[in-house]
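Here is a short walk through one structure. Have the sequence and the 3D view ready.

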Amino acid sequence: MSQPLKYLGQGLAYALFAMVLGYFSTSPEYTHLPADYALVKLSFNHAAQRKKPCHERTDAELAKLPPNMRIRKDCPRERSDVVVELEMDGKQLYHVVLHPPGLSHDGAASIYRRLLVPAGTHRFVARLKDKEEGDFSFVREENITLAAGRVMVIDFKADVPGAPGFIFKN
Amino acid sequence: MRKYLQNLLLRLENVFNAPFGQAQNPWYHLGAITFFLFWTVVASGIYLYAFYRTGVAEAYQSVERLTHDQWYAGGVIRSLHRYASDGMVVTMLLHLLRNFITGRFHSFRWFSWVSGVLLIWLVYICGINGYWMVWDRLAQFIAVGTAEWFDWLPLFSQPLARNFLAQDDVNDRFFTLLSFGHITIPLVLLLFMWIHTKRMNHAETNPPLRLAAGTLLALLVLALIKPALSHAHADLALAPGVIRLDWFYLAPYPLLYIWSPGAVWALVGGITLLLLSVPWFLKPRTRPAVAEVHLDNCNGCSNCAEDCPYSAIMMRPRQDGRPYALQPVVDPNLCASCGICTGACPYSMPFRSDELVSGIELPGHELAQLRADVDRALAGLRGDVRVMVFGCNCACDVRALQSEGVAALSLPCVGMLPPAFIDYVLRDARVDGVMVAGCREGDCQYRLGIRWTKLRLARQRLPHLRRRVPLQRIEYCWAGVQDDERARATLAALRARIAQLPQETVLEDDARGHQLKPGDKN
C-alpha cells in the first residue's frame with residue numbers, strides 16, 4: 001500500500017472512531033417521559049401506630065420478670081402495617097400494604113413509587129391507614145391540574161401541627 | 001464459536017494492518033490506548049476542575065461558562081474530557097472482547113482478567129459520577145435513576161430517591177461530595193489499573209506515539225465539530241422528557257424503566273459474574289508443562305527473569321552452594337510455558353559438546369531435542385539456496401513451508417529461539433539463510449517474544465547474536481495464522497536475495513566478540 005493510501009486509511013479509521021464516539025455520546029435520543037404525560041411520585045416515611053397500646057404491669061407481672069427488666073410501663077414495639085391507596089378520577093392508581101421494617105417490626109414504613117399519568121386536571125384521592133382496626137385514618141381529596149412533564153410529589157407527614165396527613169406538592 | 005470469532009477478528013485486524021502496519025495497529029494496543037485515554041481524561045479533568053464550582057446553582061453555571069464563554073479552551077477541553085471518557089469505554093470493552101476471543105484469559109492470565117472486569121465497574125462509576133456533576137436534566141435523570149436502582153437493594157432504611165423529590169432536597173454539600181468522589185474514584189481506578197498490569201513484565205501502558213497522537217487529534221477534531229453541551233438546568237419539579245443519552249455509560253438506565261431495577265441488577269450482576277467465572281469456566285482441560293530450572297547450568301544471570309513476560313520467574317538467594325548470588329525460581333501458576341526464558345539463557349548454546357542442557361528449559365521442548373530436530377531437518381536439505389525457518393506455534397504454519405531447500409521448526413514461541421541457534425545453522429554454510437517467523441508484530445501471543453527476539457538478533461539484548469553472523473542472511477516474518485501466503489512470499493523474497501549474495505563463510509569472533517577477518521588469528 002502506498003504511503004498516501006496508508007494515511008488515507010488511517011484517517012478513515014480515526015474518523016470512524018470519532019464518528020462512533022460523537023454519535024453514541026448523544027444519540028439516539030431517549031424519551032424518558034412521553035409528551036402529554038406527568039409524573040406522580042408517592043413517597044413518605046411513616047411510623048404506624050403500635051399494634052397493642054402501652055399498659056401498666058401489675059405487681060404479679062413485674063415479679064415474673066428478671067430484676068433488671070422490671071419496668072412498670074410495657075409498650076409492645078410492633079407497629080401496624082401502613083395501608084396506602086391512591087385514586088385518580090375514581091380509579092385506583094395504586095394500593096400497597098407496607099410492613100414496618102426492623103427485627104421487631106417497629107420501624108417507620110417507607111415508600112417511593114413513581115406513577116406515570118396523563119397531563120390535565122384530575123381528582124386525586126389519597127388514603128392512609130396506620131392502625132390495626134377501623135377505616136382509613138387519613139384521607140385527602142383534591143382536584144389538581146398537572147402540566148405535561150410536571151412532577152407532583154405526594155408526601156405524608158403525621159407530625160404537622162394542626163394538619164397532619166397527605167401533602168400534594170405540584 | 002470462538003474459532004469463528006477468531007477468524008473474523010484476524011481478518012478485521014488484517015484490514016487495519018494495511019494502513020497502520022503491524023507495529024501501529026490499534027487492535028494490538030487497545031489496553032495501552034485505554035491507559036492513554038485515561039491520562040487524557042485526567043489532564044482535561046484537572047483543567048475543568050479549576051473552573052468548576054460546587055453548588056446547586058453554581059455547578060451548572062460554572063460548566064455553562066466553561067462551555068460557552070471560553071469555548072476555545074474550556075469548551076474544547078470539556079468535550080475532550082467527554083469523548084476521551086467515551087473512548088475509554090470503547091477501547092476497554094474491545095480489549096476485553098479481543099482477549100476473550102483470542103483465549104487470553106485463563107490459567108496464568110486469570111488475575112489480569114478478573115482485575116480487568118473489576119476495572120469496568122470502576123470506569124462506569126467514574127463516568128456516571130462525572131455526569132452528575134453538571135447538574136443538568138441528564139444529571140437529574142441519572143441521579144434519580146441511580147437512586148431508584150439502588151433502592152431495589154434491601155440496604156437502606158429510607159428510599160435514596162427521596163433525596164431527589166424536590167429542589168430543596170439537594171444542597172451544595174451534595175456537589176462537594178460529588179467532586180470529592182470524582183477525584184477519589186479515578187485514583188482508585190488508577191490503583192486498580194496498576195494492579196491489573198502487575199503480573200505483566202514490561203506491561204505496555206503507553207501506545208506508540210503516532211497512535212496516541214492520531215487518537216488525540218481525532219478527539220480534538222470531534223470536540224471542535226461537535227462540542228459537548230449540557231441539557232437545561234436540573235429541575236426536580238419537572239421530569240426529564242427527551243434526553244440525549246451517552247449510550248457508552250448510560251445504556252442500562254432506560255432499562256430501569258423498560259424492565260425494572262431488579263432486572264437491571266440481574267443483568268449487570270449476571271454479566272459480571274459470568275465474566276468473572278470465564279477463566280475457570282472456559283479453561284483448557286490440559287495445561288502445558290511449566291519451565292524447569294537446571295541449576296548445574298545456571299549462573300544466576302537473571303536474563304530469564306528479566307525476559308519472562310508474566311513475571312513468573314523470581315531471583316532468589318542461591319541454595320545449591322555454587323558461587324553465584326542468585327538462582328531463578330519458577331512460579332508454576334504464572335508460567336505461560338512459552339519458553340522465552342530458554343531463549344534468554346546464555347547456556348542455550350548448541351555448540352556445546354557436553355550434555356546439552358540449558359539453565360532453564362521447557363519439558364517437552366528441551367534444548368538437546370531442539371538441536372537434534374535442527375540437525376535432522378538440515379540433514380535433508382538440498383539445492384543452491386537452503387533456508388532454515390524458525391517459527392512459532394501461535395503464528396503462521398511454518399511447517400507448510402518445508403521443501404527440498406527449506407527446513408522448518410516450530411517452537412512454542414519464537415522468543416524461545418536462542419540466538420546461538422541461528423549461528424549454529426549458518427556456520428559452516430549448513431544453510432544459506434534463516435527466516436525467523438512469529439505472530440503478527442504487536443500481537444505476540446506471549447507479549448514479548450517478538451520484541452526480545454528482534455533485540456537479541458540486533459545485538460541489543462542478551463544473549464546477543466554473535467557478530468560473525470551476517471544479518472543480511474536473516475529475515476523476519478511476523479505473520480498470524482491467516483498469513484501463510486505472506487510467509488511464503490517473505491521466504492521467496494529471502495531466497496531470491498540470498499541467491500544474489502556472494503558465497504561467504506561465517507567467520508569466527510575473537511574473545512571480545514569482534515568479527516575476525518580471513519587470515520586473522522583467533
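How many bridges join strand β5 of chain A to strand β8 of chain A? Six bridges do, and the two strands, residues 82-88 and residues 120-129, run antiparallel. One of the pairs can be named: E87(A) has V125(A) in β8(A) as its bridge partner.

Some ground rules come next. The model is predicted: local features need pLDDT of at least 70, side-chain atom pairs count only at pLDDT 80 or more, and totals for chains, interfaces and linings use all residues. Residues are numbered from 1 along each chain as its sequence is written, while chains are lettered from A and ligands numbered from 1 in the order in which they are written. Helices (H or I, at least four residues) and strands (E, at least two) are DSSP runs, numbered from the N terminus. Two strands pair if DSSP finds at least two bridges between them.

Now widen the view. In chain A, four strands form an open sheet in the order β6-β5-β8-β9, with antiparallel pairing. Its edge strands, β6 (91-98) and β9 (138-146) of chain A, each pair on one side only. On average, neighbouring strands of this sheet are turned by 15° against each other, direction ignored. The angles use axes fitted as lines to C-alpha atoms and run from 0 to 180 degrees between N-to-C directions.

Turn to the two chains. Their contact takes 38 residues from chain B and 34 residues from chain A (C-beta atoms, placed from the backbone, within 7 Å). Strand β1 (residues 30-31) of chain A also pairs with β1(B), antiparallel, over two bridges. There, Y30(A) stands opposite I243(B).

Conventions. Two residues are in contact if their C-beta atoms, placed from the backbone, lie within 7 Å.
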